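Me: I have a structure to read and would like to go through it one feature at a time. Please give the general idea first, then the case here.

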Amino acid sequence: MISVGMSTTCVYPFAVEHAFRIARMAGFDSMEIMVTNDPVTQDATKLLEISERYGLPITAIHAPVLLLTTFVWGRDPQVKLEKSGELAAAVGADAVVVHPPFRWQSGYAQNFERIVRQTAKNSGVEVAVENMFPWTVKGRSMKAYSPSPDPLDLDVDHMTLDFSHASLSGRDSLEMAMAMGPKLRHIHLCDGATSAADGAILDEHLLPGEGTQPVAETLQYLASIGWDGNIVAEVNVRQEKDEQYRLEKLVQTVAFAREHLSQEHATREPIEGGRGDLPLKIRQARRHEKKSAKPAR
């Protein structure tokens with residue numbers, strides 16, 4: 001059965017454990033970890049402890065390739081990718097998700113395909129290159145990625161399809177999935193309604209079904225061909241202040257996937273004995289951990 005997981009980015013900057021907790025309640029099968037400056041996202045032992053506590057395996061590690069993770073594991077993008085591969089192997093994940101290089105990372109870009117292939121070989125996990133999109137700066141399109149934002153233009157063995165990124169690129173996700181063929185190993189479940197060609201600058205990551213991409217049709221197609229990759233929700237609900245509302249949106253997301261994959265969906269109650277005082281934000285979690293580690297007076 002195709003696993004339907006949730007990325008920790010859905011609720012960032014909430015703590016990793018909180019992401020697992022809400023994912024379990026919403027009815028997801030598994031998790032993708034975005035490596036950030038939160039030490040927990042970089043620690044295989046802590047991730048495995050949380051994974052076991054909530055009964056959600058980790059299927060993917062997302063390399064720290066965002067602008068906000070510039071200094072995570074240093075500034076060398078090759079080192080970041082290699083460390084992501086090591087972490088993925090340590091937690092039993094199937095894949096590492098990585099973006100194409102930024103155009104100013106010229107040395108990395110020139111050797112990207114070789115580095116991706118070597119990292120996959122050394123770590124024993126798939127390195128799935130994600131489709132990205134053109135940037136719009138002051139109304140003008142800018143080439144941000146090199147050699148291309150589209151993994152279909154690259155000589156790579158495994159790919160990730162993101163519906164919101166396809167929308168910004170003005171592409172049809174179903175056509176992209178078909179073109180990727182057996183190289184498609186990972187899906188970022190979301191939606192989009194605008195393209196950079198129309199002046200859009202925001203990567204929307206709407207709930208599936210709330211945009212214009214053929215998300216339902218793509219899921220149905222993958223189910224019909226017996227696809228055996230992983231689907232991970234990467235929707236933006238982190239701005240919602242109400243926790244119950246966030247949960248409802250995530251339930252809606254996983255239910256959408258189940259419907260179009262012809263799977264049964266069920267939410268779950270919080271785990272018995274779960275921490276009612278679970279810190280939500282990453283900084284709160286760090287303070288809580290430091291306070292707990294201090295010897296009692």
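Me: What volume does the largest pocket have?

Reply: This is a predicted model, in which local features need pLDDT of at least 70 and side-chain atom pairs count only at pLDDT 80 or more, while totals for chains, interfaces and linings use all residues. Residues are numbered from 1 along each chain as its sequence is written, and side-chain values use heavy atoms, with hydrogens and water left out. On a 1 Å grid over the protein atoms alone, a pocket is an open set of points with protein on both sides within 12 Å along at least five of seven lines, whereas a cavity is a set where a 1.4 Å probe fits but cannot get out. Grid points are joined across faces, edges and corners, and the volume is the space filled by probe spheres set on the points. For the largest pocket here, the volume is about 640 Å³.

Me: Which residues lie nearest the centre of the largest pocket?

Reply: Lining residues have an atom within 4 Å of a point. The largest pocket has 26 of them, and Leu66, Leu68, Asp203, His205 and Arg238 lie nearest its centre. By class, the lining has 14 nonpolar, 7 polar and 5 charged residues. Here Ala, Val, Leu, Ile, Met, Phe, Trp, Tyr, Cys and Pro count as nonpolar, Asp, Glu, Lys and Arg as charged, and the others, Gly among them, as polar.

Me: How many cavities of 30 Å³ or more does the structure hold?

Reply: The structure holds 1. The largest cavity has a volume of about 80 Å³. Its lining consists of 12 residues, with Thr8, Tyr12, Phe14, Val16 and Thr41 nearest the centre. This lining has 7 nonpolar, 4 polar and 1 charged residues.

Me: Where is histidine 205 placed, and is histidine 205 buried or exposed?

Reply: Histidine 205 is in the loop between β9 and α8. With a relative accessible area of 10%, histidine 205 is buried; buried means under 20%, exposed over 50% and partly exposed in between, using a 1.4 Å probe and protein chains only. Its phi is near 50 degrees, a positive value in a residue other than glycine. Serine 262 also has a positive phi, near 60 degrees, but serine 262 is exposed at 70%.

Me: How many aromatic pairs does the count come to?

Reply: A pair of aromatic rings is described by the distance of the centres and the angle of the planes. Rings of Phe, Tyr and Trp (its six-membered ring) pair if their centres lie within 6.5 Å; planes under 30 degrees apart count as stacked, over 60 as edge-to-face and the rest as tilted. The count comes to 7 aromatic pairs. Phenylalanine 102 and tryptophan 104 are stacked, because their ring centres are 4.7 Å apart and their planes at 10 degrees. Phenylalanine 102 is buried at 8% relative accessibility, whereas tryptophan 104 is partly exposed at 47%. Phe102, Trp104, Trp135 and Tyr145 form one aromatic cluster.

Me: How many salt bridges does the structure hold?

Reply: Side chains of opposite charge can pair when their charged atoms come close. A salt bridge is a side-chain nitrogen of Lys or Arg within 4 Å of a carboxyl oxygen of Asp or Glu. The structure holds 8. One of them joins glutamate 17 and arginine 53, at 2.9 Å from N to O. This pair links distant parts of the chain, 36 residues apart: glutamate 17 in helix α1 (residues 16-26) and arginine 53 in helix α2 (residues 44-54).

Notes
Helices (H or I, at least four residues) and strands (E, at least two) are DSSP runs, numbered from the N terminus.
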